[in-house]
Amino acid sequence: MNGGGSEEAAEAVAAAPVPLEWKFAQVFGERTAGEEVQEVDIISAIEFDRTGDHLATGDRGGRVVLFERTDKRDHGGNRRDLERMDFPIIRHPEFRYKTEFQSHEPEFDYLKSLEIEEKINKIRWCQAANGALFLLSTNDKTIKFWKVHEKKVKKICDMNVDPAKAAGNGPVVGPSIPTSSKPYTANGGCLDKPLGLSNDFSFPLGGVPSLHLPVLTSSEISLVPRCRRIYAHAHDYHINSISNNSDGETFISADDLRINLWNLEISNQSFNIVDVKPANMEDLTEVITSAEFHPTHCNILAYSSSRGSVRLVDMRQSALCDSHSKLFEEQEVPGSRSFFTEIIASISDIKFAKDGRYILSRDYMTLKLWDINMDSGPVSTFQVHENLRPKLCDLYENDSIFDKFECCLSGDGLRVATGSYSNLFRVFGCSEGSTEATTLEASKNPMRKQVQTPSRPSRSLGTLSHGFRRGADTSGVDTNGNAFDFTTKLLHLAWHPTENSLACAASNSLYMYYA
């Protein structure tokens, strides 16, 4: 029995994917040494579209910037055709700036005497159609539906009037029209000043046979962003999430206490499907922190709470989904409770895996992977920066303990990633037997912070107490012994839907890596 178990374990380790070696691809908006970053330029949202050929970022200044992939064709063939060839291909994903537009402006709510900042909280891509791109963007109160499409710029050319002379540099005469000292009418009569014409305009002698119609041409193509719809006045509290449905017709928006369901075509009406607001606000014990639709089942969504739980909701059960169909939460280890327990348990982000089988959640200290068919506890727990546990008091004093880090999964579901301080981010392998735990820095040399022998984070349900171990690590330092910089934090990152490629936001800079 024991021999068989050890053989199975050895096979699982042998079958586990090899840890990836990450390489720098490119950077947009790189800072020079000592350059001061403007608050409005700090990136606040990142999202790949479902094909991975487009990337959108939002910033605190309310702008949305779009990038498009440029290496889709190589050596005269399609990228997907090259994949079917016998020789291995090392991809160097390349994106280029496509366009940008001002999505939101600062507003003021006069009824509540409340300033509404323009910062983009979330961006979600919608289904592209007819060569146009569609996306949703939101700030604290208002969601907007944008269409970005190509438009031909029409120009008038082959005119009778010389534009240079029309600007006041000489008589306004066409290049093929001879100039005369006196203007004449069509029948040969002389006028001191023809009706509707200036003094320096001249007709040719003997009529106007050389006049012709100008030609309208379409020479340039420009990208035009257009706001199709505005979904407003539906949230009393700040919007923290938007998520579009797999049916392509609806999406949800979530604030601290409510989740609303919208139809993309109807902007003046939404349906409240989750409401956790108690009759007496003094009885409030938790708030909604994130919400996400299932990637394939249009009736299922999940939302997380500030108490560290994830609830799965089936909209077929009732119109108001206050009663969840499944609850995922980790049992508290006896004797481990402290003043900071509830604060660090708050989930800042959740993501469904591409197949919808797993949910990834991020709280302040850990990443947790949940199987939606098993609600007894997470199937994997990854320690992100456990060495900060002795510094929780300092983190509370400088408000860093309330930072909201995002998380993401690879398209194949074999790896997960999230950010940390000092512009570091971590990549973990989540397949059976994997020991991958890579620490990377958002810079042109991402592997310089890498540990030679990374230790595996706690994975099994029987070792959950490891999440509360103390004193093993040096407090307030990263994996190389350098002091953590709590002012440089990597909150936002996104994984390419089909390839091992990551986009990370470090302040106002967008870094891209591939493996």
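In the predicted model, strand 18 contributes three residues to the lining of the second largest pocket, the largest share from any element. This pocket has a volume of about 1,000 Å³. Its lining consists of 40 residues, and those closest to the centre are Arg60, Lys119, Lys404, Leu491 and His492. Besides strand 18, two or more lining residues come from strand 2 and from strand 31 (501-506). By class, the lining of the second largest pocket comprises 14 charged, 16 polar and 10 nonpolar residues.

A total of 48 residues line the largest pocket, and Glu47, Phe48, Asp49, Arg50 and Asn244 lie nearest its centre. Eight elements are listed as supplying at least two residues each to this lining: strand 2 (43-48), strand 10 (122-125), strand 11 (133-138), strand 14 (241-244), strand 18 (288-293), strand 22 (349-352), strand 26 (407-409) and strand 30 (492-495). The lining of the largest pocket divides into 22 nonpolar, 13 polar and 13 charged residues. Strand 2 and strand 18 each give at least two residues to the lining of the largest pocket, and both also give two or more to that of the second largest pocket.

Strand 22, which supplies at least two residues to the lining of the largest pocket, also belongs to an open sheet of four strands. The strand order in this sheet is 22-23-24-25, with antiparallel pairing. Strand 22 and strand 25 (380-383) form the edges, each pairing on one side only. On average, neighbouring strands of the sheet are turned by 15° against each other, direction ignored. Within the sheet, five bridges join strand 23 (residues 358-362) to strand 24 (residues 366-371) in the antiparallel sense. Leu360 stands opposite Leu369 of strand 24.

In soluble globular proteins, nonpolar side chains tend to be buried together. The largest nonpolar core of the model contains 17 residues, among which Trp22, Phe425, Val427, Leu493 and Leu502 touch the most other members. Two or more residues of this core come from each of strand 28 (424-429), strand 30, strand 31 and strand 32 (509-514). Strand 31 provides the largest share, three residues.

Key:
Residues are numbered from 1 along each chain as its sequence is written. This is a predicted model: local features need pLDDT of at least 70, side-chain atom pairs count only at pLDDT 80 or more; totals for chains, interfaces and linings use all residues. Side-chain values use heavy atoms; hydrogens and water are left out. On a 1 Å grid over the protein atoms alone, a cavity is a set of points where a 1.4 Å probe fits but cannot get out, and a pocket is an open set with protein on both sides within 12 Å along at least five of seven lines; lining residues have an atom within 4 Å of a point. Ala, Val, Leu, Ile, Met, Phe, Trp, Tyr, Cys and Pro count as nonpolar, Asp, Glu, Lys and Arg as charged, and the others, Gly among them, as polar. Grid points are joined across faces, edges and corners, and a volume is the space filled by probe spheres set on the points. Two strands pair if DSSP finds at least two bridges between them. Axes are lines fitted to C-alpha atoms, for helices over the stretch in contact, and angles run from 0 to 180 degrees between N-to-C directions. A nonpolar core is a set of buried Ala, Val, Leu, Ile, Met, Phe, Trp, Tyr and Cys residues joined through side-chain atoms within 4.5 Å. Buried means under 20% relative accessible area, exposed over 50%, partly exposed in between (1.4 Å probe, protein chains only).
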